[in-house]
Amino acid sequence: MAIAASVWVDDVISWINQVIFLLTLVIGITAFIHCLLQRADAFPAIGTLSKAAWLGLIGATTMLALLLSLGRLGLFSLIAAGVALVYLLDVRPGLRDVADGRGSW
């Protein structure tokens, strides 16, 4: 009985890891595409890294997560999710304010 329970638990953990890995890739690709479509002069206006730096960070970490994690949740997946979420939750609202003209500058 205990052996069957451990096999079931391993399957659940595997599925959860795969779902989180796929979400990481979706978040990374979304952040990369959004960054790619923004104006380069808006990044210095909000006091953040340049567009090329953000594209490099998001692209490199997402590719490393894809190539080195091999469909599993790993350290590179968590780093890629962190970089993409910092961009989406911190930089993207500032870029939106620059585009709308509502910023404090």
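Colleague: How far does the backbone oxygen of Ile 58 lie from a polar atom of the side chain of Thr 62?

Modeller: This is a predicted model, in which local features need pLDDT of at least 70 and side-chain atom pairs count only at pLDDT 80 or more, while totals for chains, interfaces and linings use all residues. Residues are numbered from 1 along each chain as its sequence is written, and side-chain values use heavy atoms, with hydrogens and water left out. A polar contact is a pair of N or O atoms within 3.5 Å, one able to donate a hydrogen and the other to accept it within protein, and residues adjacent in sequence count only if both atoms are side-chain atoms. Between the backbone oxygen of Ile 58 and the polar side-chain atom of Thr 62, the distance is 2.8 Å.

Colleague: Is Thr 62 buried or exposed?

Modeller: Thr 62 has its place in helix 3, where helices are DSSP runs of H or I with at least four residues, numbered from the N terminus. Buried means under 20% relative accessible area, exposed over 50%, and partly exposed in between, with a 1.4 Å probe and protein chains only. Because its relative accessibility is 10%, Thr 62 counts as buried.

Colleague: Which residues does Thr 62 touch, not counting residues up to four places away in sequence?

Modeller: Contact here means heavy atoms within 4.5 Å. With residues up to four places away in sequence left out, Thr 62 touches Leu 25, Gly 28 and Ala 80.

Colleague: And which residues does Thr 24 touch, under that sequence limit of four places?

Modeller: Thr 24 is found in helix 1, and it counts as buried because its relative accessibility is 6%. Leaving aside residues up to four places away in sequence, Thr 24 touches Ser 77, Ala 80 and Ala 81.

Colleague: What is the accessible area of the nonpolar patch on the surface?

Modeller: Such a patch is made of nonpolar side chains (Val, Leu, Ile, Met, Phe, Trp, Tyr) joined within 5 Å, from residues with over 30% relative accessible area and no salt bridge. Helix 3 and helix 4 each give two or more residues to it, and helix 3 gives the most, with five residues. The patch residues, among them Met 63, Leu 64 and Phe 76, together have an accessible area of about 730 Å².

Colleague: Which residue forms a salt bridge with Asp 41?

Modeller: A salt bridge is a side-chain nitrogen of Lys or Arg within 4 Å of a carboxyl oxygen of Asp or Glu, and the structure holds one. Asp 41 counts as partly exposed because its relative accessibility is 48%. With the closest N and O atoms 3.0 Å apart, the partner of Asp 41 is Arg 39.

Colleague: How far apart in space are Asp 90 and Thr 48, C-alpha to C-alpha?

Modeller: Asp 90 lies in helix 4 and, at 55% relative accessibility, counts as exposed. Asp 90 and Thr 48 are 42 residues apart in sequence, while in space their C-alpha atoms are separated by 9.7 Å.

Technical notes: Patch = residues over 30% accessible without salt bridge, like charges linked within 9 Å, V, L, I, M, F, W, Y side chains within 5 Å. Areas by Shrake-Rupley, 256 points an atom, 1.4 Å probe, with all protein chains shown as cover.
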